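Dear colleague,

Please find below the structure that I am handing over to you. My notes on it follow directly after.

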Amino acid sequence: MDGVGFGTWAALIPSIKQKFGLNESGLSIVLLSIVVGALISMSLVGRALSKKGSRFMLSLLAPGYCIALALIAIAPGFGWLLAAGVIFGAFKGSLDVSVNSQAITIENRMGKPIMGSFQALWSFGGLIAALLVGLALRQGMPGTTIALALAASLLAVSLASSGNLAGGDASPVPARKRSFKLPNSRILRV
């Protein structure tokens with residue numbers, strides 16, 4: 001679901017660029033809005049995961065991610081598109097962290113590594129989305145219609161599958177309070 005949602009967004013970038021008459025710098029600002037949303041949410045979602053667990057978080061974040069994809073599609077102007085980009089990025093970042101936590105929970109229960117399978121399925125979802133969006137665009141379907149149809153389909157899948165998520169990864173010990181910190185200088189040199 002995560003890969004299909006992001007693949008849909010990526011495949012529709014040319015349509016969005018055309019819809020809003022964006023040049024490269026305008027598109028860069030939209031992409032930056034998504035990154036800003038992701039960075040903010042990723043720094044916050046860890047605390048919620050430790051208290052509520054990935055099952056609870058994913059049951060909220062997955063539908064929100066689908067709705068955020070729809071918000072990008074229906075944005076009526078550039079300012080709305082930037083706001084939708086921040087929201088989409090926030091849900092995308094939070095969803096990624098929560099899915100990885102869910103994968104670790106499942107890995108621990110199975111006693112074997114499966115994180116690579118999660119990553120592969122994300123890539124496969126993106127590939128499927130690019131194929132579907134490309135075929136729909138080739139048939140003359142508007143980008144907004146495509147995004148809304150896929151967002152609605154993904155929303156249905158996320159709601160139907162939320163009961164199948166693994167639980168039990170919430171930490172009974174309160175997480176230490178930390179503030180946001182810049183990366184270590186050794187990481188920045190790489």
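Trp 122 is partly exposed, with a relative accessible area of 31%; buried denotes under 20% relative accessible area, exposed over 50%, and partly exposed the range in between (1.4 Å probe, protein chains only). The model is a predicted one, in which local features need pLDDT of at least 70 and side-chain atom pairs count only at pLDDT 80 or more, while totals for chains, interfaces and linings use all residues. Residues are numbered from 1 along each chain as its sequence is written, and side-chain values use heavy atoms, with hydrogens and water left out.

Aromatic pairs

The whole structure contains 4 aromatic pairs. Rings of Phe, Tyr and Trp (its six-membered ring) pair if their centres lie within 6.5 Å; planes under 30 degrees apart are stacked, over 60 edge-to-face, and the rest tilted. Phe 6 and Trp 122 form a tilted pair, because their ring centres are 5.9 Å apart and their planes stand at 35°. This pair links distant parts of the chain, 116 residues apart: Phe 6 belongs to helix H1 (residues 2-11) and Trp 122 to helix H6 (residues 115-138). Helices here are DSSP runs (H or I, at least four residues), numbered from the N terminus. Phe 6 is partly exposed, at 25% relative accessible area.

The rings of Trp 9 and Phe 88 are also tilted, with centres 6.3 Å apart and planes at 50°. Trp 9 lies in H1 and Phe 88 in H5, so the pair ties together parts 79 residues apart in sequence. Both Trp 9 and Phe 88 are buried. Ring pairs join Phe 6, Trp 9, Tyr 65, Phe 88 and Trp 122 into a cluster.

Helix packing

Helix H3 (residues 24-52) packs against helix H4 (residues 54-74) at about 125°, with the axes 7 Å apart. Axes are lines fitted to C-alpha atoms over the stretch in contact, and angles run from 0 to 180 degrees between N-to-C directions. H3 and H4 are therefore oblique to each other; under 35 degrees counts as roughly parallel, over 145 as roughly antiparallel, 65 to 115 as roughly perpendicular, and the rest as oblique. The charged end of Lys 52 sits over the ring of Phe 56, 5.4 Å from its centre (the criterion being NZ of Lys or CZ of Arg within 6 Å of the ring centre and within 35 degrees of the ring normal).

H4 also packs against helix H7 (residues 143-161), at about 170° and with axes 9 Å apart. H4 and H7 are therefore roughly antiparallel.

Technical notes. Helices (H or I, at least four residues) and strands (E, at least two) are DSSP runs, numbered from the N terminus.
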